[in-house]
Amino acid sequence: MVQPPLRNQIYVEFQDQLDGKLTAELSLEQPVKISGMSLFLRDLVQEVRINGQMLTIVPQHGGFEVNVPEIVFAIASKLTIGVSPLEGGEGCPIAFLRGQFAVISQDEPVEKDEHQWMLKGAFKLVPMPASIDGANLISAGFPFAGLPITVSKTIQMDEKGITTLQLTDVKAAAAHVWLAGEELGWCWGPDFQVPIPKGLTAGSYELKVNLYPSTFNMYGPHRHIDGDRYLTSPDQYKGIKNFADRADAPELTKVIESHFVKWGISGDVRLIHQK
């Protein structure tokens with residue numbers, strides 16, 4: 001069973017306007033069934049309007065939040081977000097729209113390499129799906145997620161001498177594992193292994209795994225020509241070649257495709273015996 005993050009999100013890519021304001025448009029699937037929608041900004045701004053309605057900005061831990069009443073988008077096919085930066089403040093604040101929705105691309109994901117997926121075309125916000133494909137959480141609706149998904153299943157342990165539990169076919173930054181409500185610990189790739197407590201008797205046990213995405217998926221720069229290069233600079237968001245790029249990169253590095261580090265789990269659980 002796959003449970004979605006406590007809240008999903010999408011990175012808001014603002015466009016500069018001639019009057020100094022910033023705007024962004026996000027498509028909505030109709031009918032809209034989204035709860036708890038809010039706009040989170042890392043930097044204080046002068047004003048936020050969504051679909052023409054001015055909304056209240058409230059300080060929150062790590063930034064500022066604007067709750068989006070359902071009346072603002074209940075009969076709309078899109079969200080038009082307008083932001084007025086503070087004079088002398090951050091010209092283009094980092095912003096995320098958050099809520100109980102999935103983020104779907106118009107096109108199927110394309111495998112860029114063993115590390116990344118690419119999505120082409122505009123994104124649409126749709127109601128949270130009833131079932132989630134845990135093998136590819138990017139195409140399942142969580143490309144920009146910053147919080148983990150939870151995967152759970154029942155495993156059978158009938159043999160003696162098992163010392164290690166291994167997750168297989170995992171694409172994630174990290175995994176946090178519990179067995180029968182007891183924390184087994186954190187693990188990372190490529191092995192994704194955790195020790196099993198001694199003295200565990202034979203029987204059925206509930207396995208729960210919190211699977212964490214790459215921080216690149218949250219912050220980007222998603223539309224850089226190479227995606228995640230393990231080295232990020234401000235000019236990579238602007239699409240201007242700089243020291244963080246490869247030597248043979250083009251002078252303009254911003255592309256239409258959005259890049260995401262692979263995220264998902266599809267393999268069986270391996271129980272490893274002591275050698």
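Colleague: Is cysteine 187 buried or exposed?

Modeller: This is a predicted model, in which local features need pLDDT of at least 70, side-chain atom pairs count only at pLDDT 80 or more, and totals for chains, interfaces and linings use all residues. Residues are numbered from 1 along each chain as its sequence is written, and side-chain values use heavy atoms, leaving out hydrogens and water. Buried means under 20% relative accessible area, exposed over 50%, and partly exposed in between (1.4 Å probe, protein chains only). With a relative accessible area of 1%, cysteine 187 is therefore buried.

Colleague: What is the relative accessible area of cysteine 92?

Modeller: Cysteine 92 falls in the partly exposed class. Its relative accessible area is 38%.

Colleague: What is the volume of the second largest pocket?

Modeller: On a 1 Å grid over the protein atoms alone, a pocket is an open set of points where a 1.4 Å probe fits, with protein on both sides within 12 Å along at least five of seven lines; lining residues have an atom within 4 Å of a point. A volume is the space filled by probe spheres set on the points, which are joined across faces, edges and corners. The second largest pocket is lined by 15 residues, with Lys160, Gly161, Ile162, Gly199 and Leu200 nearest its centre. Its volume is about 240 Å³.

Colleague: Which element gives the most to the lining of the largest pocket?

Modeller: This pocket holds about 1000 Å³ of space, and 33 residues line it. Strands (E, at least two residues) and helices (H or I, at least four) are DSSP runs, numbered from the N terminus. With five residues, the element that gives the most is S4.
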